[in-house]
Amino acid sequence: MYQYSNFDHEFVAQRVAQFRAQVARRLDGSLSEEEFKPLRLMNGLYLQLHAYMLRVAIPYGTLNSRQMDQIAMIAERWDKGYGHFTTRQNIQFNWPKLEDVPDILQALADVEMHAIQTSGNTIRNVTADHFAGAAADEIADPRPIAELIRQWSTDHPEFQFLPRKFKIAVTGSPHDRAVTQAHDIGLRMTEQNGSRGFEVIVGGGLGRTPMIGKTLSPFVPLEDLLPYLEAVVSTYNLLGRRDNKYKARIKITTHEHGIDEIKQRVDAQFTKIKPLFSGADLQLLKDIERHFEPPKLKPAAPAGTAQTVAQTPAFRAWRDTNITAHKVPGYAIVSVSLKKPGATPGDATAEQMRALAQIARNFGHDALRISHEQNVILPYVHLADLPQVYQALCRADLATANIGLISDIIACPGMDYCALATARSIPVAQQIATRFEALKLEHDIGPLKLKISGCINACGHHHVGHIGILGLEKAGVESYQITLGGDAGAEAQIGTRAGPGFGANEIVPAIERLILGYLHLRADETESFLEAYRRLGLAPFKALLYPQEKKAA
Amino acid sequence: MPVTPISKVVTANDLRSGEVIYLRFPHDWTPELSKASVITDDDLAQAGLAFAQGQANVVVGAYLSDVVAEADGPKAIHFRDTFRSTGPSNYRHGKQEI
């Protein structure tokens, strides 16, 4: 993985020192909250419902064991012994004290991490396919490009005050696991005549006005990518609306001006700025690529005693759901679920983080990833080591076998933590997962993406869930709207709202009716919920959700 | 139907810890809603808010929150304010640790 250069170290150290002085001036009264707020947000520090929240970037979801151990240390020393992994490959600490934050940032800097540009109207943490570098289906590892973009966008003087926040996602695989079509810019690696480049998708986003991104260019050669991105963001910076924050994202700019006009402007800007890129960016990319050499994979130790474990049904169930094909024969990608039924989606305790770090050291070539689906990935595990990895995960209470199933729910923090939320998400996720665990139907139901947001900003990606739940306030109580048929994959789709919202006590029974009904509606056991929905349309599913209306009709 | 006048409390977050706090007249802050001063007079409410806003080095984000005065102290009306007064529902953290 990428190792900081002297420049990186110095830059991050300077920011920590600056923020330390800013916090001191806030505490002694030299800075008002109005003056201080933009400074703390530049460093990822929010004030939420019950406390401050520090959002730390995990660039393109990549961590090593030392960093995971340090996050665990921070969680124990300055927070409440846990962290929350987010839908944009960040980690959030929910309880830091203001005066401790400079020390936390220093502890992060010590392991080459930071919280810069995890807030504000800047280019945010660049996200990537969480299986990058390991997936059997990828063209190449997209992370060197993601790192190049991170370096280019960090403290980029032109892009510190964009009309609104700006999110970029990158995938090296045609099977989109990075939700590229729901980002301000989505990059999909492609090849043309033997040379590598990217399809550039622009103007996707969820939130109040969900939109699927449009292809701005089907192929931008690798050597043109950075000037092309600069042309896109620069065009948006000038054209994007600053009069209304709800119309300020590039999806609205693209919608209002049309993709053709955006393309014209971007092409003109690209022609203008391309000569300014002397090739230093490509030299830098070459240097970065060296940091992403795949680990030297060794033959694993003989399985030995682990054979007995391999025979247990629990191990087989876990292997069947939590393992993905690796590009290297003999290896597997392990997804570690942070979605034990009843637990908070995306939360890990400090002990669990340390266990994951140790497993990565012992069996995983020191590599860890965080997925936007709020799980942890061990991208390089030898097949022969799987039983031992499973045992270690069991000891850490991390062996839940539910990846891609109904209890593997994405949920934002909702009104349990977030100042913007209009309803809670976490209890709904906990109750749904617990209910389906009790029903013992999860594996019969099969692949299903259920995603919950606690407000219209859609951090929980509810629009692209096969089943989406949006928590709102209605007449002074929490109300939950259901959307159906969304898809976050390569052919991304925004779900359709099924009808009126459900009260907090009605939402879990509604989901249960929907799922039990689907089991009757599906053509056979191989037809997934999404496939059945696409075949049958909204009507039969709506009838399941609103049985009274059917009776009345 | 007669309209019951809405009672209010002054609430904010503590600058250092971020914790939710409530004004207790004349100039104390308490983390417990039950110990907050309940205000039924509009002028007094504005005066309380102005006092809180003047304490820029102690509190952040002061506002008036609607409450119902009950025998064991004020109760928040909006569920958001109820959550602020209790803490998150997934862990016994924040005020639930007291």
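User: What makes up the secondary structure of chain B, and in which pattern along the sequence?

Analyst: In this predicted model, chain B follows β-β-β-α-β-β-α along its sequence. That comes to two helices and five strands.

User: Why is chain B called as compact as a globular protein of its length?

Analyst: Compare the radius of gyration with the globule rule. The rule is 2.2 Å times the number of residues to the power 0.38. For 98 residues it gives 13 Å, and the radius of gyration of chain B is 13 Å, so chain B is as compact as a globular protein of that length. Along its principal axes, the C-alpha trace of chain B spans about 40 × 30 × 20 Å. Buried residues account for 33% of its 98 residues.

User: What share of the contacts in chain B links residues 24 or more positions apart?

Analyst: Among contacts with a separation of 6 or more, the share is 52%.

User: Which elements of chain B supply the side that touches chain A?

Analyst: First the count: 22 residues of chain B are in contact with 23 residues of chain A. β4 (59–70) and α2 (79–86) of chain B each supply at least two residues of that side. α2(B) gives the largest share, four residues. By type, the side of chain B divides into seven nonpolar, 11 polar and four charged residues.

User: What makes the peptide bond from Phe25(B) to Pro26(B) cis?

Analyst: Its omega is near 0°. Most peptide bonds are trans. Pro26(B) sits in the loop between β2 (20–24) and β3 (28–30) of chain B.

User: How is chain A divided into domains?

Analyst: The assignment has domain 1 (6–110), domain 2 (142–290), domain 3 (304–395) and domain 4 (410–552). The C-alpha centres of domain 1 and domain 2 of chain A are 27 Å apart.

User: Why is Asp155(A) called partly exposed?

Analyst: Count the C-beta atoms. Buried needs 20 or more others within 10 Å, and exposed needs 12 or fewer. Asp155(A) has 14, so it is partly exposed. The residue belongs to the loop between α5 (143–153) and β7 (168–171) of chain A. Its C-alpha atom is 9.2 Å from that of Ile123(A), 32 residues away along the chain.

User: What is the phi of Asp155(A), and what is that of Ala475(A)?

Analyst: Asp155(A) has a positive phi of about 60° and is not a glycine. Ala475(A) also has a positive phi, about 50°, and is not a glycine. Most residues other than glycine have a negative phi.

User: Why does Ala475(A) count as exposed?

Analyst: The cut-off for exposed is 12 or fewer C-beta neighbours. Ala475(A) has 5 inside 10 Å, so it counts as exposed. Ala475(A) is placed in the loop between β18 and β19 (477–484) of chain A.

User: How do you know that both faces of β7(A) are covered?

Analyst: Look at each side. Ile168(A) and Val170(A) are buried on one, and Ala169(A) and Thr171(A) are buried on the other. In a regular strand the side chains alternate between the two faces of the sheet.

User: What makes β6 of chain A and β7(A) a pair?

Analyst: Pairing requires at least two bridges. Strand β6 (residues 127–128) of chain A has two to β7(A), and the strands run parallel. Thr127(A) stands opposite Ala169(A). Ala128(A) has Val170(A) as its bridge partner.

User: Why are β6 and β10 of chain A called edge strands?

Analyst: The open sheet has five strands in the order β6-β7-β8-β9-β10, with mixed pairing. β6 and β10 (214–221) each pair on one side only. That is what the label records.

User: How is strand β17 of chain A covered, and which strands are joined to it?

Analyst: On one face of β17 (residues 450–453), Leu450(A) and Ile452(A) are buried, and on the other, Lys451(A) and Ser453(A) are buried. Two bridges join strand β16 (residues 410–411) to β17(A), running parallel. In that pairing, Ala411(A) stands opposite Ile452(A). Four bridges join β17(A) to strand β18 (residues 467–474), also parallel. Here Ser453(A) stands opposite Leu470(A).

User: Which residues have the most contacts inside the largest nonpolar core?

Analyst: They are Val232(A) and Leu356(A), in a core of 175 residues. Leaving aside neighbours within four places in sequence, Val232(A) is in contact with Ile185(A), Val202(A), Leu216(A) and Val266(A). In soluble globular proteins, nonpolar side chains tend to be buried together.

Terms used. Residues are numbered from 1 along each chain as its sequence is written. Chains are lettered from A and ligands numbered from 1 in the order in which they are written. This is a predicted model: local features need pLDDT of at least 70, side-chain atom pairs count only at pLDDT 80 or more; totals for chains, interfaces and linings use all residues. Two residues are in contact if their C-beta atoms, placed from the backbone, lie within 7 Å. Domain bounds come from an automatic or database domain assignment. A nonpolar core is a set of buried Ala, Val, Leu, Ile, Met, Phe, Trp, Tyr and Cys residues joined through C-beta atoms within 7 Å. Ala, Val, Leu, Ile, Met, Phe, Trp, Tyr, Cys and Pro count as nonpolar, Asp, Glu, Lys and Arg as charged, and the others, Gly among them, as polar.
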